[in-house]
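Hello,

Here is the structure for you to take over. My notes on its pockets follow below.

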Amino acid sequence: MSKVDLYCVMGNPVEHSRSPWIHARFAELTGQTLRYERRQVQPDGFAQAIADFRTDLAGHARGCNITVPFKFEAAALARHLSERARLAGAANTLRFEDDGIHGDNTDGIGLVNDITLHAGAALAGRDLLLIGAGGAAAGVLGPLIEAGIRRVVVANRTPDKAAALVQRHAALASAHQTVLEACRLDDVAGAFDVVVNATAASLAGADVPVAASVLAPGTLAIDMMYGPAAAGFLDWARAHGATARDGLGMLVEQAAEAFRIWRGVRPPAAQVLAELRAVIG
Ligand code: NAP
């Protein structure tokens, strides 16, 4: 009997992840047969978890999504990296092939599509504050620059990581005439057209990591988190006159691109996003 193609999301924590629901729905809507699970991975157990998944007897492991905090490790583990994953130094989508693990990063296209297609906001010529310098921030910086952003400030709790991320993207920013800066969370000055919280602060139940002075009336303020954990950031943004948006649209759009990479067909992301919002309420 042939085994079903198997995928999963790996991370820590991972119980909150809506990826299994999204990929099951994508499979239904595109007539694909597959199974998609979530796997919680111990902090020092990522490489072993990938090896275990690939030899799982329940199915043919074809690939996986990687979430917090393993995206850098995932890129390091891959034998082949797409250009966008190489620039990010982080991978959120792995594909298992006979010639080894292929790593890609779909977070950037996910965020850009959510902002431009679902939120209906323009990115070209805008000023954007990117809070965080972890795997998620690394994945979105290149695609934001390519979308024509005028200026990006990367602010992180550990400033050296923000500086390294900016350094890695300096040539791309220069090619697109994007002003790119790194700073400490306390040193962010002025207000922005778009503010993206790419930290794990909401996931950890911590306070919003920047001052409200980064917001102006009409600022689009996005937390990559979704569900109840995003509520604090969204309330904070609305209370200061911003348009608040959670990470659900980005989640569905990055998943749609991963699904395309794995299955060769692009699922109807807008429909699945609407359905997911209805399910979550
Ligand atoms: P990561 O690689 O572990 O990076 C975590 C980042 O958050 C680092 O910049 C870290 O700063 C910062 N941070 C953690 N706790 C903080 C706090 N209390 N205050 C200020 N900064 C804090 O994780 P990741 O993969 O980038 O993921 C980050 C978040 O984005 C997660 O919540 C994840 O679920 C979400 N995400 C959502 C989507 C989506 O599709 N919606 C996609 C990707 C990620 P230091 O460098 O100082 O440690």
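The lining of the largest pocket divides into 21 nonpolar, 14 polar and six charged residues. This is a predicted model, and what follows should be read as such.

The largest pocket has a volume of about 1000 Å³. Its lining is made up of 41 residues. Those that lie nearest the centre are Val68, Ala136, Ala198, Thr199 and Ala200.

As for secondary structure, at least two lining residues of the largest pocket are supplied by each of strand S3 (60-66), helix H3 (71-77), helix H6 (135-146) and helix H10 (248-263). H10 gives the largest share, three residues.

On location: the largest pocket lies between domain 1 (5-105 + 250-280) and domain 2 (108-246), because both domains give residues to its lining.

The second largest pocket has a volume of about 200 Å³. Residues from both domains are found here too: domain 1 (5-105 + 250-280) and domain 2 (108-246) each contribute at least three to the lining. The residues that line the second largest pocket are His16, Arg18, Met225, Tyr226, Gly227, Pro228, Asp246, Leu248, Arg277, Ile280 and Gly281. By class, five of them are nonpolar, three are polar and three are charged.

Regards

Conventions. Residues numbered from 1 in each chain as written. Predicted model: local features only at pLDDT ≥ 70, side-chain atom pairs only at ≥ 80, totals over all residues. Heavy atoms only, no water. 1 Å grid on protein atoms, 1.4 Å probe; cavity = no way out; pocket = protein on both sides within 12 Å on 5 of 7 lines; lining within 4 Å. Points joined across faces, edges and corners; volume = space filled by probe spheres on them. Helix = DSSP H or I, 4+ residues; strand = E, 2+ residues; numbered from the N terminus. Nonpolar A, V, L, I, M, F, W, Y, C, P; charged D, E, K, R; others polar. Domains from an automatic or database assignment.
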